[in-house]
Amino acid sequence: MVKLRLKRCGRKQRAIYRIVAIDVRSRREGRDLRKVGFYDPIKNQASSNVPAILYFLEKGAQPTETVHDILKKAEIFKELRVNYAK
């Protein structure tokens, strides 16, 4: 099963997270399938590759709670509903 979750990078006391599609059994810093965005909690900024995220969500990938909140703020789920309407 594939999940969309955060992968920590950056330096000490200055974490930045990548949003990645990764196998459930992998570690947090394990090998990911694809990088689909990033999140900076200090600046509260997020950037995402919307087509890649929609692809994984349509294939059944489950976002973690934190990633779900980030995607909800970015209104990704509205675009997902539009794609299903086609």
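The following legends describe close-up views of a predicted model.

Residues are numbered from 1 along each chain as its sequence is written. In this predicted model, local features need pLDDT of at least 70 and side-chain atom pairs count only at pLDDT 80 or more, whereas totals for chains, interfaces and linings use all residues; side-chain values use heavy atoms, with hydrogens and water left out.

**View 1. Confidence along the chain.**
The mean pLDDT of the chain is 88, and 94% of its residues reach 70 or more. Here pLDDT is the predictor's confidence in each residue, from 0 to 100. Confidence in the chain is highest in β3, at a mean of 95, and lowest in α3, at 69. Helices (H or I, at least four residues) and strands (E, at least two) are DSSP runs, numbered from the N terminus. Where pLDDT is low, the predicted coordinates should not be read in detail.

**View 2. The sheet and its strand order.**
An open sheet is formed by five strands in the order β4-β3-β2-β1-β5, with mixed pairing. Two strands are taken to pair if DSSP finds at least two bridges between them. The edge strands, β4 and β5 (62-63), each pair on one side only. Strands β1 and β2 run antiparallel and are joined by 10 bridges. Within this pairing, R5 stands opposite V20 in β2. In a regular strand the side chains alternate between the two faces of the sheet.

**View 3. Strand β3 between its two partners.**
Strand β2 (residues 14-23) and strand β3 (residues 34-40) run antiparallel, with five bridges joining them. Y17 has Y39 of β3 opposite. Strand β4 (residues 45-48) is also antiparallel to β3, and four bridges join these two strands. G37 has S48 in β4 as its bridge partner. The hairpin of β3 and β4 has four residues between the strands, and in this hairpin N44 takes a positive phi near 55 degrees.

**View 4. Q13 in the loop between β1 and β2.**
Q13 lies in the loop between β1 (2-11) and β2. Q13 is not a glycine, yet its phi is positive, at about 60 degrees. Most residues other than glycine have a negative phi, and most peptide bonds are trans. The relative accessible area of Q13 is 75%, so this residue is exposed. The accessibility classes are buried (under 20% relative accessible area), exposed (over 50%) and partly exposed (in between), with a 1.4 Å probe and protein chains only.

**View 5. D32 and its contact with K7.**
D32 is placed in the loop between β2 and β3. At 14% relative accessibility, D32 counts as buried. Its side chain makes a polar contact with the side chain of K7, at 2.9 Å. A polar contact is a pair of N or O atoms within 3.5 Å; within protein, one must be able to donate a hydrogen and the other to accept it, and residues adjacent in sequence count only if both atoms are side-chain atoms. Not counting residues up to four places away in sequence, D32 touches K7, V20, A21 and I22, where contact means heavy atoms within 4.5 Å.

**View 6. The aromatic pair Y55 and F56.**
One aromatic pair is found in a search of the whole structure. The ring centres of Y55 and F56 are 5.3 Å apart and the planes stand at 75 degrees, so the pair is edge-to-face. Rings of Phe, Tyr and Trp (its six-membered ring) pair if their centres lie within 6.5 Å; planes under 30 degrees apart count as stacked, over 60 as edge-to-face and the rest as tilted. Y55 is partly exposed, at 44% relative accessible area, whereas F56 counts as buried, at 12% relative accessibility.

V67, I70 and L71 are the buried residues of α2. These residues cover an arc of only 95 degrees around the axis, so they are on the same side of α2. The arc is that of the directions from the helix axis to the C-beta atoms. E65, K72 and K73 are exposed on the other side of α2. Just after α2, E75 has a positive phi of about 60 degrees. E75 is in the loop between α2 (65-73) and α3 (76-85), and with a relative accessible area of 44% it is partly exposed.

**View 7. E79 in helix α3.**
E79 belongs to helix α3 and counts as partly exposed, at 34% relative accessibility. Not counting residues up to four places away in sequence, E79 touches V50 and L54. E79 and P51 are 28 residues apart along the chain, and their C-alpha atoms are separated by 9.7 Å.
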